[in-house]
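Hi,

Here is the model I promised to pass on.

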Amino acid sequence: MSRESKQADLVIRNARLIDGTGAPGQRGGLAIRDDRIVALGDLNGWTGARDVDASGHVLSPGFIDVHTHDDRALIANPTMDCKVSQGVTTVVAGNCGVSLAPLAIDRRPPAPIDLISEDPRGFFADFADYLDHLDEEPPATNVLAQVGHSSLRIGAMDDLERPATAGEVATMRRLLEQSLEAGAIGLSTGLFYPPAKAAPTEEVIELAKALHQAKALHTTHMRDEADQVIDSLEETFRVGREAQIPVVISHHKCAGQRNHGRSCDTLKLIDENRAHQHIGLDAYPYVAGSTMLDSSLLEDASKVIVTWSVPHPEAAGRDLQEIAADWGIDMEEAVARLTPAGGVFFMMDEADVQRILAYPHTMIGSDGLPHDTQPHPRLWGTFPRVLGHYCRDLQLFSLEEAVRKMTGLPASEFGLTDRGRLAVGAAADLVLFDPDEVIDAATFEAPKTPARGILEVWVNGRSVWRDGGTTGARPGRALRLHSLSLPSHA
Ligand code: ZN
Ligand code: CU
């Protein structure tokens, strides 16, 4: 059969095509051959080995989850049900300073690194080996992987509670450069967390200079998302300016009741600085966050649910206040007894969440924690919740805009030139969903519940989720930095 013939592996007809650019949806069809989109719009004359009638349904690019901690889930649970069930076809791993590589360690890693692996054997000393492993045992989704600053610190320093010495910075920078060479897309920091708290801005800038040279990017879980959120934004902008690199503010929020409403100021500041430098941001659609159980977060939270605990596994899913009451101790002491542990923290204001989600430059990132016993429902619910709850039910933005925040926008922020939009020649990463039905079903009580209304999902032309279950296919690819075209470094 000639490549010019109108024979496709799959044709999808009569869909509402939402292309990821924000342009109004159009009725039409799409054809796939191998891993590419080969026809779009009018499918006159095209036939497919499989022919799908998508009347009443939306066909859009597969969603890009820009903020994940899927580093080891990609290996341990390669069908990635929690993500493909939402229509996610590409994940960005290695966030918040936490990555599986490059790190050689012979003991249980300190929190929050233990969120991705409690077992030191789960880590990769060499970033190239991590990516090669993903090539050999591919997951269902595509992956972009970052180096975590905290992982670098743990590998290079004997004492994390001080700034790195010049020699340690040089060691970290060499490891970072090797990783970028191997295909890491950038460096994430988690300056809020114990392993990186003592790192001064200058330490990050020194490392970030390697990002400029390699044309990579920087994402950050900022030092403070509560009272000092403005200072933290300024610190992030400074890193971007001095190293001349694009920065992405992870899971932007204003935590703690005293700070509710401050997203008016933070978004204004981001907007002003976007005039001079490249700044991106992401958010998840919930008023509760989730991370390691840390008593420094208690004062900002109105309620805490334990998500896992090593000494008290039975505590997972329980309210921290009730546990403390049962034990006849205060919450801080309960945290100390439960640790190592994780928690869900209710600490945001719904109006801030909506304002941040609606901001035109905000991408969607789940920040799901795939190894938690009782995870935050964002792991299974983020994308359908934006589509069903915030877009359809609350009408916070149009469906085209919701899809753009999950596809075209993150594709351009992360330099994916042939994904994140419907176009002839683009990779066939697709999601077919019912716009009237799509909704998250994961709750804080039953967090591992697949969403409704996601009908079928394709990665690189192959169906990975269909009729409410995984197909078992694992066509994902570990995408390397050199294949990307990141935003300008000017
Ligand atoms: Zn984070
Ligand atoms: Cu995170």
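First, the ground rules. This is a predicted model, so keep in mind that local features need pLDDT of at least 70 and side-chain atom pairs count only at pLDDT 80 or more, while totals for chains, interfaces and linings use all residues. Residues are numbered from 1 along each chain as its sequence is written, chains are lettered from A and ligands numbered from 1 in the order in which they are written, and side-chain values use heavy atoms, with hydrogens and water left out.

**The two metals**

The zinc ion (ligand 1) has C96 (SG), H221 (ND1) and H251 (NE2) as its protein donors, at 2.0 to 2.2 Å. Donors here are N, O and S atoms within 2.8 Å of the metal (3.2 Å for Na, K and Ca), and since water is not among the atoms, sites may look incomplete. Along the sequence, the zinc donors follow the spacing C-x124-H-x29-H. H221 sits in strand β11 (residues 217-221) and H251 in the loop between β12 (247-249) and α8 (263-274), so this pair ties together parts that are 30 residues apart in sequence. Helices (H or I, at least four residues) and strands (E, at least two) are DSSP runs, numbered from the N terminus.

Both histidines are buried: H221 has a relative accessible area of 6%, and H251 comes in at 1%. By buried I mean under 20% relative accessible area, with exposed being over 50% and partly exposed in between (1.4 Å probe, protein chains only).

The copper ion (ligand 2) is 2.9 Å from the zinc ion (ligand 1), and C96 coordinates both. The copper donors are H67 (NE2), H69 (NE2), C96 (SG) and D367 (OD), at 2.1 to 2.3 Å. Their sequence spacing is H-x1-H-x26-C-x270-D. H69 belongs to the loop between β6 (63-65) and α1 (73-76), and C96 to the loop between β7 (88-93) and α3 (127-136), so these two tie together parts that are 27 residues apart in sequence. H69 and C96 are both buried.

What is the geometry of the copper site? The angles among the four donor atoms run from 85 to 168 degrees, and the site is irregular. For reference, four donors count as tetrahedral if all angles lie between 85 and 135 degrees; four count as square planar and six as octahedral if opposite donors are over 155 degrees apart and all others between 65 and 115; anything else is irregular.

**Around β11 and α6**

All five of the five residues of β11 are buried, so this strand is largely enclosed by the rest of the structure. L217, T219 and H221 point one way from β11, and H218 and T220 the other. β10 (186-190) runs parallel to β11, with five bridges joining them; S188 has T219 as its bridge partner in β11. Strands pair if DSSP finds at least two bridges between them.

The buried residues of α6 pack against α4 (149-156), α5 (166-182), β10, β11 and α7 (229-243), where packing rests on contact, meaning heavy atoms within 4.5 Å. After α6 comes K215, whose phi is positive, near 60 degrees.

Six of the eight residues of α4 are buried, so α4 is largely enclosed too. Its cover includes β9 (147-148), α5, β10 and α6.

Strand β14 (residues 288-292) has five of its five residues buried. β14 pairs with β16 (residues 341-346) in the antiparallel sense over five bridges, and A288 has F346 as its bridge partner in β16.
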